[in-house]
Amino acid sequence: MQDKPQNIDDFLFDDDFNEYITEHSEKSKKRWNAFFEENEDVKDNAEKAGKIIRGLSSINDKLAEKELSDYHLNNQFEATWAKYRNTKSKTAFVKASKWIWRSIAVAATVIFIITFYILIDNFIDKNKSPEYSEIYVPVGKKSQLTLPDGTQIWINADTHIKYSTHFNSGERKLYLTGEAYFDVFRNKKLPFVVSVNGAEIKVLGTKFNVKSYPNDKTVETVLVEGKVELTREGMEKEGMVEMKPGDKTIFDLTTNEVVFTREDVDADVAWKDGKMVFRNTPLAKVCKDLSRHFNAEIVLDDDTHQLLEHPFTFTVENEPLSLVLGYLCQAAPLKYRIKYIDEDGEKGIEKIRYTISVRKN
């Protein structure tokens, strides 16, 4: 045993006393019982020091628990010390015994590991590959969608939309294939970006329509309200085009050229209200749009090649496809025939194919 311990600090910093309190060996127990019989005046200080050491030991035991709050750990240490410590220390705490330093070191290590794990987990969560929400509206259908930021979207037939789980938490980027009308919730700090067929449309808050299907060689953008920036992906500010309300741009994906027009904006966005408005639209495009709208197979015969660019102007609202095709055949030297295709003889499911050809007088 070292020099005779007198006060609480002496007992706390005594390695033999720490071993006596924590390990309860018979040898140390006999030695310290003999010591207290001869020195009853210090027994009270020894009991207080023992309670502090046992309190610290309980902290060390709890380090193996699955969940540990560093706040709780620090508070327990302070509470243990304050509960049993009623005299001012005459010795600097830096002289603490090896056991106390060992307990504190273990506690600090566990807190560091927990903190490190939380930081790494958050870093991985923020930087891991995002998952995506995908929406597909099939041919012959339309739909509406409200994004997490409050932006509303009207989605036309045969259209794909995809956006990541990070949407509105660090970016507002959406991927489009097809046609959609956007009413974007305004956020100056977080621009809204639509990526479509290699082009990007950036806005803060506005109403606009975008159209570009998989086989299209153009991206059509119509601006109803606000302002948008149209660029080619990867070109940043180079070749950036600004649009104003009433503008319609046709971005040629082959040449990167942009053509501006100021046509009837309402006609280009009428589809979201259930209408199809054609203004001097070529026959080939009319048939493609009708096929998508009615979920019908419309085929142009080889002899129609001279009429593919023939323009048509009309509006479709609730009319059936047969009536619309009848109009086309009256407005141009065309005719159509119907063929019923039996896709499943057992169930009798039939598909109608409309073939348009030149009408010879």
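Biologist: Let's start with helix 9, then: which of its residues are buried?

Modeller: Bear in mind that this is a predicted model. In helix 9, which covers residues 321-331, the buried residues are L321, V324, L325, L328 and C329. Looking down the axis of helix 9, those buried residues fall within an arc of 140 degrees, so they line one face of the helix.

Biologist: And which exposed residues sit on the face of helix 9 turned away from that buried side?

Modeller: That face carries L323 and Q330, which are both exposed.

Biologist: What about helix 3, how far does it reach from end to end?

Modeller: Helix 3 runs over residues 26-38, and its 13 residues reach 19 Å from the first C-alpha to the last, which is close to the 18 Å expected at 1.5 Å a residue. Its buried residues are S28, W32, F35 and F36, and seen down the axis of helix 3 they fall within an arc of 95 degrees, so they line one face of the helix. On the other side of helix 3, the exposed residues are E26, K27, K30, E37 and E38.

Biologist: Stepping back, how many helices and strands are there in the protein chain?

Modeller: The protein chain has 9 helices and 18 strands. It counts 361 residues, of which 37% are buried, and among its contacts between residues at least 6 apart in sequence, 51% join residues at least 24 apart.

Biologist: Where is the confidence lowest, and where is it highest?

Modeller: The lowest confidence is in helix 5, residues 70-84, with a mean pLDDT of 49, whereas the highest is in strand 3, residues 152-155, at 96. For the protein chain the mean pLDDT is 80, and 75% of the residues reach 70 or more. Over residues 62-74 the pLDDT stays under 50, and the model has 15 contacts beyond four places in sequence for that stretch. Residues 84-96 also have a pLDDT below 50, with 25 contacts in the model beyond near neighbours in sequence. Where pLDDT is low, the predicted coordinates should not be read in detail.

Biologist: Noted. Changing topic to the strands, which strands does strand 4 pair with?

Modeller: Strand 4 is joined to strand 1, residues 132-137, by 6 bridges, and the two run antiparallel; in that pairing V137 stands opposite T159 of strand 4. Strand 4 is also joined to strand 5, residues 172-183, by 4 bridges, again antiparallel, and there H160 has T177 of strand 5 as its bridge partner.

Biologist: How does strand 12 pair?

Modeller: Strand 12, residues 248-252, pairs with strand 9, residues 218-225, in the antiparallel sense over 5 bridges, and D252 in strand 12 is the bridge partner of T218. Strand 12 is likewise joined to strand 13, residues 258-261, by 4 bridges in an antiparallel arrangement, with F251 standing opposite V258 of strand 13. Strands 12 and 13 form a hairpin with 5 residues between them, and N256 in the turn has a positive phi of about 65 degrees.

Biologist: Where else is there a positive phi in a residue other than glycine?

Modeller: D158 has a phi near 60 degrees, and N280 has one near 50 degrees. Most residues other than glycine have a negative phi. D158 lies in the loop between strand 3 and strand 4, while N280 is found in strand 14, residues 276-282.

Biologist: Is N280 buried or exposed?

Modeller: N280 counts as exposed because its relative accessibility is 58% and the cut-off is over 50%. D158, in contrast, is partly exposed, with a relative accessible area of 24%.

Biologist: Which side chain does the K211 side chain make a polar contact with?

Modeller: The K211 side chain is joined to that of D289 by a polar contact of 3.4 Å. Leaving aside residues up to four places away in sequence, K211 touches G178, E179, T218, V219, E220, K285 and D289. T218 is also the residue whose bridge partner in strand 12 is D252.

Note on methods
Residues are numbered from 1 along each chain as its sequence is written. Side-chain values use heavy atoms; hydrogens and water are left out. pLDDT is the predictor's confidence in each residue, from 0 to 100. Contact means heavy atoms within 4.5 Å. A polar contact is a pair of N or O atoms within 3.5 Å; within protein, one must be able to donate a hydrogen and the other to accept it, and residues adjacent in sequence count only if both atoms are side-chain atoms. Buried means under 20% relative accessible area, exposed over 50%, partly exposed in between (1.4 Å probe, protein chains only). The expected span of a helix is 1.5 Å times one less than its number of residues. The arc is that of the directions from the helix axis to the C-beta atoms. Two strands pair if DSSP finds at least two bridges between them.
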